[in-house]
Amino acid sequence: MKLLAVNGSPRKSMNTGALLEKVVEGAISKGAEAELVHLRDFQYRGCMSCFHCKDPQGSSYGRCILKDDLRPILDLAHEADVLVLGTPFYFSIETAMMRAFMERLWFQYLLYTTKKPPLAPRKKALALVYTMNIKEEGMPAYGKDVVSGRAKGVMERLFAAPCELFLCTDTKQVPDYAKYEMDMWDASAKEKRHQEVFPKDLARAFDMGARLVS
Ligand SMILES: Cc1cc2nc3c(=O)[nH]c(=O)nc-3n(C[C@H](O)[C@H](O)[C@H](O)COP(=O)(O)O)c2cc1C
């Protein structure tokens with residue numbers, strides 16, 4: 001059993017990265033193989049709409065033909081039994097690097113026909129991890145697309161497996177709020193939540209990692 005976690009935050013060890021590390025630890029605790037990759041380490045772009053992946057006579061049917069840094073990561077995602085994608089909210093959606101990854105991952109498998117199922121390998125389980133400044137109360141109106149399960153729906157349709165939605169709200173964005181001009185946030189409330197709630201989020205992430213591979 002192999003779990004792949006993909007971090008779409010440019011910061012490796014902050015909120016999203018820390019949660020994904022716990023997902024990986026949880027999976028390993030159950031005897032699974034698990035790996036975390038950080039998209040910031042790779043140079044790549046989004047889908048180029050070349051349609052090689054939709055040419056049944058071509059050499060790259062069902063697989064992205066672009067030969068950039070994402071190639072080995074797409075291979076890892078193809079082979080994984082469990083796929084966990086994590087990203088901060090940037091202007092209410094995934095980061096640009098996660099969006100570009102999603103385009104490349106998803107489009108290669110999508111078929112514009114109802115005669116065949118998508119070309120993606122079946123997964124055992126899937127999860128999407130979102131972190132954000134906004135408080136939980138604001139989520140339904142604010143992150144409409146995420147709450148309505150837009151990406152979750154695509155993942156489930158392509159990979160034919162259930163996809164968990166893991167939300168981590170009201171995150172601490174920087175180590176020292178006093179250093180920057182960002183007084184619209186209550187630094188002490190952020191710190192308090194980081195001390196009291198974030199450890200529970202980390203525990204939830206660990207449990208999810210263990211559950212996804214079980
Ligand atoms: C460019 C940018 C845009 C952001 N947009 C939002 C947003 O629309 N909504 C929100 O709740 N938080 C937003 N944030 C805050 C991050 O989503 C939040 O701090 C997240 O937990 C950071 O994840 P990380 O620590 O893993 O990098 C934004 C941060 C940045 C840098």
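The legends below describe close-up views of a predicted model. Local features need pLDDT of at least 70 and side-chain atom pairs count only at pLDDT 80 or more, while totals for chains, interfaces and linings use all residues. Residues are numbered from 1 along each chain as its sequence is written, and side-chain values use heavy atoms, with hydrogens and water left out.

**View 1. The largest nonpolar core.** A nonpolar core is a set of buried Ala, Val, Leu, Ile, Met, Phe, Trp, Tyr and Cys residues joined through side-chain atoms within 4.5 Å. Buried means under 20% relative accessible area, exposed over 50%, and partly exposed in between (1.4 Å probe, protein chains only). The largest such core has 38 residues, and L85, F101, L105 and F159 have the most contacts inside it. At least two residues each come from strand 1 (2–7), helix 2 (70–79), strand 3 (82–88), helix 3, strand 4 and helix 6 (150–159). Helices (H or I, at least four residues) and strands (E, at least two) are DSSP runs, numbered from the N terminus. Helix 3 gives the largest share, seven residues. Contact means heavy atoms within 4.5 Å; leaving out residues up to four places away in sequence, L105 touches L74, A77, L83, L85 and F159. A second, separate core of 23 residues includes L3, A5, L36 and M208.

**View 2. L111 in its loop.** L111 lies between helix 3 (96–107) and strand 4 (125–131). L111 counts as buried because its relative accessibility is 14%. Apart from neighbours within four places in sequence, L111 is in contact with Y61, K116, P117 and L119.

**View 3. The F51 and F107 rings.** Rings of Phe, Tyr and Trp (its six-membered ring) pair if their centres lie within 6.5 Å; planes under 30 degrees apart count as stacked, over 60 as edge-to-face and the rest as tilted. Six aromatic pairs are found in the whole structure. F51 and F107 have ring centres 5.5 Å apart and planes at 80°, so this pair is edge-to-face. F51 is in the loop between strand 2 (33–38) and helix 2, and F107, 56 residues apart from it, is in helix 3. F51 is partly exposed at 36% relative accessible area, whereas F107 is buried at 16%. Together with Y112, F51 and F107 form one aromatic cluster.

**View 4. Charges over rings.** A charge sits over a ring if NZ of Lys or CZ of Arg is within 6 Å of the ring centre and within 35 degrees of the ring normal. K54 lies over the face of F107, 3.9 Å from the ring centre. The charged end of R204 sits over the ring of F166, at 4.0 Å from its centre.
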